[in-house]
Every structure is written in C-alpha cells, then in structure tokens.
Amino acid sequence: MSALADYNERWALVTGGGDGIGRALALGFAREGMNVVICDILGDTAQAVAEEAKALGVEARAVTVDVSDRAALMKAAADLHRRVCRRPWFGQTPASAPEQV
C-alpha cells in the first residue's frame with residue numbers, strides 16, 4: 001500500500017512543475033492517483049507535463065504563473081479551489097518554498 005493512498009483523487013498544486021524536481025513530483029503524485037495542477041512560468045512545459053499526468057489516468061491542469069508573484073500564485077490556488085470544491089494538498093519545490101501557500 002502506498003503512503004499516498006489517502007490522497008487518491010485529491011488535488012496537488014505543484015510549483016515549478018514544468019521540469020526537474022517539480023515535474024518529478026507532479027508525475028509521482030499522478031502515479032499515485034492524485035490529480036495535479038502544474039504551475040510553471042513556461043506554459044508550454046506545464047501543459048506537456050499535464051498531458052503526461054492525464055495519460056496516467058488523473059485530471060491535470062496547466063497554469064502559467066510566475067511563482068515569484070505571490071498574488072498570481074494565490075489567484076491560481078483560489079481558482080483551483082473554486083474548480084474542484086475540495087481541499088487541495090499544496091506541494092512546493094524547494095526553490096519556491098520560502099512561505100507555504
């Protein structure tokens with residue numbers, strides 16, 4: 001049994017999800033059945049990872065956002081909350097984690 005089993009069908013918002021550690025986190029969550037929102041400053045890379053996640057059988061969305069813009073990141077989180085009406089789990093890559101969203 002996976003340690004993430006309790007997160008099945010929940011949502012994770014992953015910053016820096018277009019490549020590197022963020023991509024690995026997003027796809028790891030997706031493999032465990034967690035829906036993902038991929039946030040990245042490069043919309044094309046975020047969309048590519050979202051498509052990879054969808055291929056794993058989960059819902060996925062791509063959001064183009066500059067995580068250094070706190071207001072934009074908070075808007076993305078609020079939009080996610082309105083869309084899914086569930087409590088999301090917020091994942092952050094180390095480069096974007098001075099404060100928890």
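Modeller: Contact, as I use it here, means heavy atoms within 4.5 Å. Please bear in mind that this is a predicted model.

Colleague: Happy to! What covers the buried residues of H2?

Modeller: Buried in H2 are Ala46, Val49, Ala50 and Ala53. Their cover includes H1, S2 and strand S3 (60-64).

Colleague: How far does H2 reach from its first C-alpha to its last?

Modeller: H2 has 13 residues, and at 1.5 Å a residue the expected value is 18 Å. The reach in the model is close to that, at 18 Å.

Colleague: Which residues does Ala53 touch?

Modeller: Ala53 is one of the residues with the most contacts inside the largest nonpolar core, which has 15 residues. Strand S1 (11-15), helix H1 (20-31), strand S2 (35-40) and helix H2 (43-55) each supply at least two residues of this core. Leaving aside residues up to four places away in sequence, Ala53 touches Leu27, Ala30, Val36, Val58 and Ala60.

Colleague: Last one: does Ala12 count as buried or exposed?

Modeller: Ala12 sits in strand S1. The cut-off for buried is under 20% relative accessible area. Ala12 has 0% relative accessibility, so it counts as buried.

How values were computed
Residues numbered from 1 in each chain as written. Predicted model: local features only at pLDDT ≥ 70, side-chain atom pairs only at ≥ 80, totals over all residues. Heavy atoms only, no water. Core = buried A, V, L, I, M, F, W, Y, C linked by side-chain atoms within 4.5 Å. Buried < 20%, exposed > 50% of the residue type's maximum accessible area, 1.4 Å probe, protein only. Helix = DSSP H or I, 4+ residues; strand = E, 2+ residues; numbered from the N terminus. Expected span 1.5 Å × (residues − 1).
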